[in-house]
Amino acid sequence: MNKLFHTSKVLFATLLLAMIMMTTSCSSEGDFYSKVPEDARFVMSIKAKGLAEKSNAVKKMREIANLVGEQEAKDAADMLETLFGDDSPVDLNNIVMFEYEGNVYAWLMVNDMEMLDKIDAIAESFEKSKKDDFVIYEANENCCIVMNGNGGLMMMGNDADSDDAIKAFMDFDDLESDKAIANNEIFMKNMQGDDDVYLYLDIEGLTSLVGSTAELKKALSREFENEGLSVPDYIDEVMESFVYASASFTKDAATLKMSLLDDKGTNIINKIYGNKT
């Protein structure tokens, strides 16, 4: 068991850092979206603290740690209790992450730029440095976080070095309002509210990223035609549409809502089912 915890230490620290760095102390998702580019192909918002409370995640982690009996597991439980407690050094009410040009980013606001040093799993697994006005934490070539007095930005992706992360920080921080995804009324209408999780996907953008547009078209056509739906007239609209989904959870149930909208806010699925043969 010692070996298991030892070999997974960097992975655990990376996941923990990701959880912290995808945090914003802005009062709402809308405040945060003003620093997300309009052509982000993926955006997700998670109300982590509320979900943790509903699922008793912190309590369950403590029970697991006590059962395992390993010090590192107990340290992890201590850490979660601190992060999700009333005196947490970060705001876990909203976690928002997004994709841009092949990399994944997450903004954060911090009150203490040295707070990561106080978390052993991070301090021991990430290399800390400084450049100009930025404090930098790097785990490997795929994960980097940069912070200054205005907040911080985590960058995850291939060759995510500090220079790239600092440039992204400055670009997003100075984003003009009409270039931010918050300027999209349809996006804002579907990505805010009382639900626990919100998801946005730009289908065409994501498929172009992985280079599988033609194959996806064929697969979608087959699926719709198997249901007796008239798809050919709408397949291009489907490929150019946007997925909006949200989920809410209670202790006993989960509710999922999903829509497929065009750039005018029209529901593509309604169009397709309206032409069922």
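This is a guided tour of a predicted model, to be followed in a viewer.

Residues are numbered from 1 along each chain as its sequence is written. As the model is predicted, local features need pLDDT of at least 70 and side-chain atom pairs count only at pLDDT 80 or more, whereas totals for chains, interfaces and linings use all residues; side-chain values use heavy atoms, without hydrogens and water.

**The whole chain**

Begin by displaying the chain as a cartoon, which shows 13 helices and 10 strands. Helices (H or I, at least four residues) and strands (E, at least two) are DSSP runs, numbered from the N terminus. Of the 277 residues, 44% count as buried, where buried means under 20% relative accessible area, exposed over 50%, and partly exposed in between (1.4 Å probe, protein chains only).

**Helix α5**

Next, select residues 57–68, which form helix α5. This helix has 12 residues and reaches 16 Å from its first C-alpha to its last, close to the 16 Å expected at 1.5 Å a residue; the expected span is 1.5 Å times one less than the number of residues. Show the side chains of Val58, Arg62 and Ala65, which are buried. Seen down the axis of α5, its buried residues fall within an arc of 60 degrees, so they line one face of the helix. The arc is that of the directions from the helix axis to the C-beta atoms. An α-helix has 3.6 residues a turn, so residues three or four places apart point the same way.

On the face of α5 turned away from its buried side, select the exposed residues Lys59 and Leu67. After α5 comes Gly69, with a positive phi near 80 degrees.

**Ser259**

Move to strand β10 (residues 254–261), where Ser259 is found. Is Ser259 buried or exposed? Its relative accessible area is 16%, so Ser259 is buried. Leaving aside neighbours within four places in sequence, Ser259 is in contact (heavy atoms within 4.5 Å) with Asn190, Phe242, Val243, Tyr244 and Asn267.

**The second largest pocket**

Finally, select Pro37, Tyr100, Glu101, Asp171 and Phe172, which, of the 15 residues lining the second largest pocket, lie nearest its centre. Its volume is about 270 Å³. A pocket is an open set of points on a 1 Å grid over the protein atoms alone, where a 1.4 Å probe fits, with protein on both sides within 12 Å along at least five of seven lines; lining residues have an atom within 4 Å of a point. Colour β3 (103–108) and α8 (162–173), each of which supplies at least two lining residues; α8 gives the most, with 5.

Technical notes:
Grid points are joined across faces, edges and corners, and a volume is the space filled by probe spheres set on the points.
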